[in-house]
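Here are my notes on this model. Please read them with the structure open.

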Amino acid sequence: MPKEKIMVVDDERNIVELVKYNLEKEGYDVICAYDGFEAVNLAKQDKPDLIVLDIMLPGQGGLEVCRILRKETKIPIIMATAKGEEIDKILGLELGADDYIVKPFSPRELVARVKAILRRTSSKAEEKDELVFDDITLNLVKHEVRKRGELIDLKPKEFDLLKLLATNVGKVFTRDFLLEQLWGYDYLGDTRTVDVHMRRLRQKIEDEPATPYYLKTVHGIGYKFQYEEKE
């Protein structure tokens, strides 16, 4: 089985070498780019399985690289952002990035995120009729959710919200994206609609809605479905 290929994009060569070393230790093939134009060309040419992409790049910034690649490919992208660049995190996710990591980050954290995204994207290749997360089961064909075998009464938008998050485990979605995706661009409400549905969904899904296990808030950005499969 061929090794999975990761592309690392950063203009700081010491960071690239550190990340490359740690990813290769985990058995990945690593290709490197040091500016935005090189990143776009290499991504189209070498077709990596995942890209670690710094936002601050010379020539063509990381957000623009993300925008270009997302139009033409489905390669998962982790954006690397400096501490405090909240707007860049949001823009990166809105442009289609799959995750972000704040610099300076530990190699162990990055490797864990890479593994999680690759596991998620490879499993998505097999379309499933049913998703099982410990005591929660989603039947995507029947539009049913059960908790410990008991059918949960979800409104259509509650189910749609849960389905979108649960089929993208670990991916952070902004409130604006969720509003547009589930209610449409012409919906006259605001992002509080998302918060209200999330609150109701947690009350039905979570054992302790105030401290949710699955439906996590990513402060200042939005929501994600968190789940680690037990060994």
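1. This is a predicted model. A search of the whole structure turns up zero disulfides.

2. Take Cys32. It takes part in no disulfide. The nearest cysteine sulfur belongs to Cys66, and it lies 19 Å away. Is Cys32 buried or exposed? Its relative accessibility is 15%, so Cys32 counts as buried. The cut-off for buried is under 20%.

3. Now look from Cys66. To count as a disulfide, the two sulfur atoms must be within 2.5 Å. Cys66 is buried too, with a relative accessible area of 0%.

4. Next, the helices. Helix α2 covers residues 36–46, and helix α3 covers residues 62–72. They pack at an angle of about 15°, and their axes are 10 Å apart. Angles under 35 degrees count as roughly parallel. The two helices, α2 and α3, are therefore roughly parallel to each other. The crossing of α2 past α3 is right-handed.

5. Which residues meet where α2 packs on α3? From α2 come Gly36, Ala39, Val40, Ala43 and Lys44. From α3 come Val65, Ile68, Leu69 and Glu72. Sorted by class, this contact has six nonpolar residues, one polar residue and two charged residues. Find each one in the structure as you read.

How values were computed
Residues numbered from 1 in each chain as written. Predicted model: local features only at pLDDT ≥ 70, side-chain atom pairs only at ≥ 80, totals over all residues. Heavy atoms only, no water. Axes fitted to C-alpha atoms, helices over the stretch in contact; angles between N-to-C directions. Helix = DSSP H or I, 4+ residues; strand = E, 2+ residues; numbered from the N terminus. Parallel < 35°, antiparallel > 145°, perpendicular 65-115°, else oblique. Left-handed = near helix turned anticlockwise from the far one by under 90°. Contact = heavy atoms within 4.5 Å. Nonpolar A, V, L, I, M, F, W, Y, C, P; charged D, E, K, R; others polar. Buried < 20%, exposed > 50% of the residue type's maximum accessible area, 1.4 Å probe, protein only.
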